Amino acid sequence: MIAGIGIDMIKIEKMREALQRWGDDFLERVFNKEEVEKICKGKMYYQRLAARFAAKEAVIKAISKEHPLSLKDIAILNRENGAPYCQFKKNIGIDIFLSITHIEDYAIACAVAQKEV
Ligand SMILES: CC(C)(COP(=O)(O)OP(=O)(O)OC[C@H]1O[C@@H](n2cnc3c(N)ncnc32)[C@H](O)[C@@H]1OP(=O)(O)O)[C@@H](O)C(=O)NCCC(=O)NCCS
């Protein structure tokens, strides 16, 4: 059963500014170690971070009524074929279907929450 949907959009400049201002503190507050380690600091670094931030917000929107979660309770990772997926730090009985896109200036993510049966 579909439990909810969520969408979020992030301006890449905001991500760049946050990192310039707070550096690693910002990364540690928002992302899990594994998420940061998997994004190489080359082309699209800020876009990929912003997309993961947007994905976390989209997931929270999709499930928030039932399960209050913090950004770090949610990990956004990639399968071998590149497709993103969401991993919760604790089991909440919800599966997430996730899609991410990013261009130079914006990142967008959409999440659909499904109750596990
Ligand atoms: C996967 C694909 C759809 C990504 O589209 P894109 O326009 O290059 O890039 P977008 O910014 O829209 O999307 C990038 C995100 O797609 C997601 N993605 C990557 N592979 C994916 C897959 N197999 N399934 C679902 N999502 C995928 C990732 O989350 C990625 O962001 P991330 O690397 O930061 O995690 C595209 O590369 C692709 O394979 N298209 C198939 C058609 C094709 O080959 N077209 C080219 C010839 S016309």
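User: Which residue is the bridge partner of threonine 101 in β5?

Analyst: In this predicted model, β4 and strand β5 (residues 106-115) pair in the antiparallel sense over 9 bridges. For threonine 101, the bridge partner in β5 is isoleucine 108.

User: How many residues lie between β4 and β5 in their hairpin?

Analyst: β4 covers residues 94-102, and β5 covers residues 106-115. The two strands form a hairpin, and the number of residues between them is 3.

User: In what order do the strands of the open sheet lie, and which are the edge strands?

Analyst: The open sheet is formed by 3 strands with antiparallel pairing, in the order β1-β5-β4. An edge strand pairs on one side only, and this holds for β1 (2-11) and β4. From one strand to the next the twist averages 15 degrees. The order is therefore β1-β5-β4, and the edge strands are β1 and β4.

User: What angle does the direction of α4 make with that of β1?

Analyst: Helix α1 (residues 12-22) packs on the sheet, where it touches β1 and β5, and its direction makes about 75 degrees with that of β1. α4 also packs on the sheet, touching β1, β4 and β5. The angle between the direction of α4 and that of β1 is about 150 degrees.

User: Which element gives the most to the shell around the ligand?

Analyst: The residues around the ligand include Arg48, Arg52, Ile100, Thr101 and His102. Both α4 (45-63) and β4 (94-102) supply at least two residues of this shell. By class, the shell has 3 nonpolar, 5 polar and 2 charged residues. The element that gives the most, with 3 residues, is β4.

User: Which residue takes a positive phi in the hairpin of β2 and β3?

Analyst: Strand β2 (residues 74-78) and strand β3 (residues 84-88) run antiparallel and are joined by 5 bridges, with asparagine 78 standing opposite proline 84. Their hairpin has 5 residues between the strands. Both asparagine 78 and proline 84 are among the residues around the ligand. The residue with a positive phi, near 100 degrees, is glycine 82.

Technical notes:
Residues are numbered from 1 along each chain as its sequence is written. This is a predicted model: local features need pLDDT of at least 70, side-chain atom pairs count only at pLDDT 80 or more; totals for chains, interfaces and linings use all residues. Side-chain values use heavy atoms; hydrogens and water are left out. Helices (H or I, at least four residues) and strands (E, at least two) are DSSP runs, numbered from the N terminus. A residue is near a molecule or strand if one of its heavy atoms lies within 4 Å of it. Ala, Val, Leu, Ile, Met, Phe, Trp, Tyr, Cys and Pro count as nonpolar, Asp, Glu, Lys and Arg as charged, and the others, Gly among them, as polar. Axes are lines fitted to C-alpha atoms, for helices over the stretch in contact, and angles run from 0 to 180 degrees between N-to-C directions. Contact means heavy atoms within 4.5 Å.
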